[in-house]
Amino acid sequence: MRPALRCLVWELDNTVWDGAVCDGTSGALRPAALHTLNVLGERGIRHAVASRGAHEWTFGELLRHGVCDMFSPIEIGWGPKSSAISRIARQLAIGPEVIGFIDDEPVERAEVARSLPEVRCFAARNVDTLPLLPDFRPISSGEAAPTPPLGFARVPSR
């Protein structure tokens, strides 16, 4: 059996919330995404961000929605998402085999899958089913638990 995932990296636009920040269409949080964030967090799975867009605007949306503290590290920019995920893995000191990535765009998932084949990619339309998958089982006592994001110094986003 593959190891349990220790971190789920999220695209934000059309995944955590409806619409995209860069074109001014970002809207409400998606209830299924918020539910999955909470359930997986309770299991000890970290959440990070690899999202395309202007850092200031997108980070502002995280703050506006009150979910910023659910994610660490946060990588927002215009480069390849595989590069952002590699930086996240280094910052968290974990390997790509325990990282998942969720995005609404097939081309983005394909880029990550091609560059980082060990990372498990998931379509945003399936966000409500992620807690049911064995990949997202609670971190067992035999596996090192990740440091919880709240109550500790944030991992730098840049």
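Mentor: Helix α3 (residues 81-92) and helix α4 (residues 106-115) pack at an angle of about 55 degrees, and their axes lie 8 Å apart. Here helices are DSSP runs of H or I with at least four residues, numbered from the N terminus, and axes are lines fitted to C-alpha atoms over the stretch in contact, with angles running from 0 to 180 degrees between N-to-C directions. That angle makes α3 oblique to α4; under 35 degrees would count as roughly parallel, over 145 as roughly antiparallel, 65 to 115 as roughly perpendicular, and the rest as oblique.

This is a predicted model, where local features need pLDDT of at least 70 and side-chain atom pairs count only at pLDDT 80 or more, while totals for chains, interfaces and linings use all residues. Residues are numbered from 1 along each chain as its sequence is written, and side-chain values use heavy atoms, leaving out hydrogens and water.

Now for the handedness: α3 passes α4 in a right-handed crossing, meaning that the near helix is turned clockwise from the far one by less than a right angle.

Which residues touch? From α3 come K81, S82 and I85, and they meet E108, E111, V112 and S115 of α4, where contact means heavy atoms within 4.5 Å. Sorted by type, the residues of this contact are 2 nonpolar, 2 polar and 3 charged. In that sorting, Ala, Val, Leu, Ile, Met, Phe, Trp, Tyr, Cys and Pro are nonpolar, Asp, Glu, Lys and Arg are charged, and the others, Gly among them, are polar.

One more detail sits in a loop: P73, between α2 (55-65) and β3 (74-77), is joined to S72 by a cis peptide bond with omega of about 0 degrees. Strands such as β3 are DSSP runs of E with at least two residues.
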